[in-house]
Amino acid sequence: MREFDVIVVGGGPAGLMAARKAAERGAKTILLEREYALGTKACGEAISISTIKDAGVKPKSKFLRNRVDVFRVHAPDEEKYIDIHTKKLGSAGYVIEKAVFLRELAHLASREGARISMGTPAIDFEKKANGWKVLAKESGKSLVLSGKILIGCDGVNSSVAKKFFRRERFAVVSCFQYRMVNCKLQNPHMLEAYLGREVAPLGYAWMFPKDLEEVNVGIGTRGVPARYYLDRFVKSHPEIFEGANVVEIQAAPVPVGGEVREVVGDGILLCGDAAGQVIPLTGGGIHSSIVAGKIAGEVAGEAIEEGVDLDEYPKRYSSWSKRISNSLKALRLIERLSDSELNQLAGVLTGEDIVDLANGMNLRRVGKKLLRHPRFAVRLARSLLKG
Ligand SMILES: Cc1cc2nc3c(=O)[nH]c(=O)nc-3n(C[C@H](O)[C@H](O)[C@H](O)COP(=O)(O)OP(=O)(O)OC[C@H]3O[C@@H](n4cnc5c(N)ncnc54)[C@H](O)[C@@H]3O)c2cc1C
């Protein structure tokens, strides 16, 4: 049996941050990743520069694949749209090479002394009087580990969460994504999202370009097959996709039901998708998972070294928890609207309003604005003004 202070399960953004921060605080840390390579999970790969800052990573061209100047949200009729200009937000966005970015996080975790074990699925977890016994398979061979603190960062289908946490309300959107080449984009620095029940029931379709000719095109839907709608979306845009080819096919669910109620147990923490820490309106979860992993790792390290209480983790994450719950509120309101109401809404909201709704910030400001529009006053404004 190999002994550690902290055992992290999962080598996504949350797990790599957690392992690094726990090790940085002096805890003997191991991260178990079941896959043989980092970053194999489906992802649109769009992030803000503040994600990179919060990850404590120097921006490098090897993972910042494409700068984003504008995020265009198309109304269902595809005639109206709202542009969100990153410069106006005083921020910057990027489409990254996520696998390269995760390797950078792994590099930093290793530098702090964390051990990373690839091709090592964690199979079972047993609570002991003074910590945990974790059974894993390392390249096919049984591995038994003991640890004082267990951090579950094992994604949306987390076995840690299933065994030790309650995840009622754990709603997911099914996502399907193609990486396509030889596309004909007009502006490689523009991300696009397409809304509407016809296009993507209870979700949206996206195009996140890597450059002028290569794009992550994907879709999230609920209650209908995502791939069927993605193929329909691609076919409906021959001006971009005629002559293009799919070179990668990926699918995965995204949790959009908000953060789970408890993220701390006896000697155990839950982070990232496993804990529903995704911005529900956008389905973006890299930033929120990185911050969660970072805080969980710090708290775990401090618990080992200084006896800090593990409940510090949700306390330090509370501003993000609030953003997630506000964004869920906005999602619930918007998904009730018909396509024609969404078309109208596109004439009322600005890019700033969309960003605020998506991130669950300044909901009262957006609510006050909608109060002036009779059609939305009752359905949207009052609910936004409540909280
Ligand atoms: C199609 C799609 C597009 C998306 N696009 C974006 C986007 O553009 N921007 C954005 O911000 N977010 C996006 N997201 C969401 C984002 O990918 C996730 O929120 C984020 O990756 C969550 O990080 P995580 O570390 O919690 O989990 P994950 O990234 O899922 O990592 C979990 C890791 O745990 C490993 N694992 C699972 N079980 C075990 C086990 N038993 N033992 C060992 N290892 C295990 C998995 O192999 C995986 O590597 C997208 C998601 C999808 C599905």
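Tutor: Let's begin with G293, which is buried because 31 other C-beta atoms lie within 10 Å. Buried means 20 or more other C-beta atoms within 10 Å of a residue's own, exposed means 12 or fewer, and partly exposed is in between, with C-beta atoms placed from the backbone. This is a predicted model, where local features need pLDDT of at least 70 and side-chain atom pairs count only at pLDDT 80 or more, while totals for chains, interfaces and linings use all residues. Residues are numbered from 1 along each chain as its sequence is written.

Student: How do I describe two packed helices?
Tutor: You give the angle between their axes and the distance between the axes. The axes are lines fitted to C-alpha atoms, for helices over the stretch in contact, and angles run from 0 to 180 degrees between N-to-C directions. Take helix 1 and helix 7: their axes come within 7 Å and cross at roughly 25 degrees. Therefore helix 1 and helix 7 are roughly parallel to each other. The cut-offs are under 35 degrees for roughly parallel, over 145 for roughly antiparallel, 65 to 115 for roughly perpendicular, and oblique for the rest.

Student: What is the handedness of the crossing of helix 1 and helix 7?
Tutor: That one is right-handed. A crossing is left-handed if the near helix is turned anticlockwise from the far one by less than a right angle, and right-handed if clockwise. By class, this contact of helix 1 with helix 7 has 12 nonpolar, 5 polar and 5 charged residues. Here Ala, Val, Leu, Ile, Met, Phe, Trp, Tyr, Cys and Pro count as nonpolar, Asp, Glu, Lys and Arg as charged, and the others, Gly among them, as polar.

Student: How do helix 1 and helix 3 cross?
Tutor: Their axes come within 8 Å and cross at roughly 15 degrees, so helix 1 and helix 3 are roughly parallel too. Helix 1 passes helix 3 in a left-handed crossing. The residues of that contact divide into 10 nonpolar, no polar and 1 charged.

Student: What about helix 11 and helix 12?
Tutor: They pack at about 130 degrees, with axes 9 Å apart. That makes helix 11 oblique to helix 12. D353, D356 and L357 of helix 11 make the contact with L363, R365, V366 and K369 of helix 12.

Student: How many residues are in the largest nonpolar core?
Tutor: A nonpolar core is a set of buried Ala, Val, Leu, Ile, Met, Phe, Trp, Tyr and Cys residues joined through C-beta atoms within 7 Å. The largest one here has 123 residues, and I151, C271 and A300 have the most contacts inside it. Helix 7 supplies the largest share of this core, 10 residues.

Student: Is F63 buried or exposed?
Tutor: F63 counts as buried, because 21 C-beta neighbours lie inside 10 Å. You'll find F63 in the loop between helix 2 and strand 4.

Key. Helix = DSSP H or I, 4+ residues; strand = E, 2+ residues; numbered from the N terminus. Contact = placed C-beta atoms within 7 Å.
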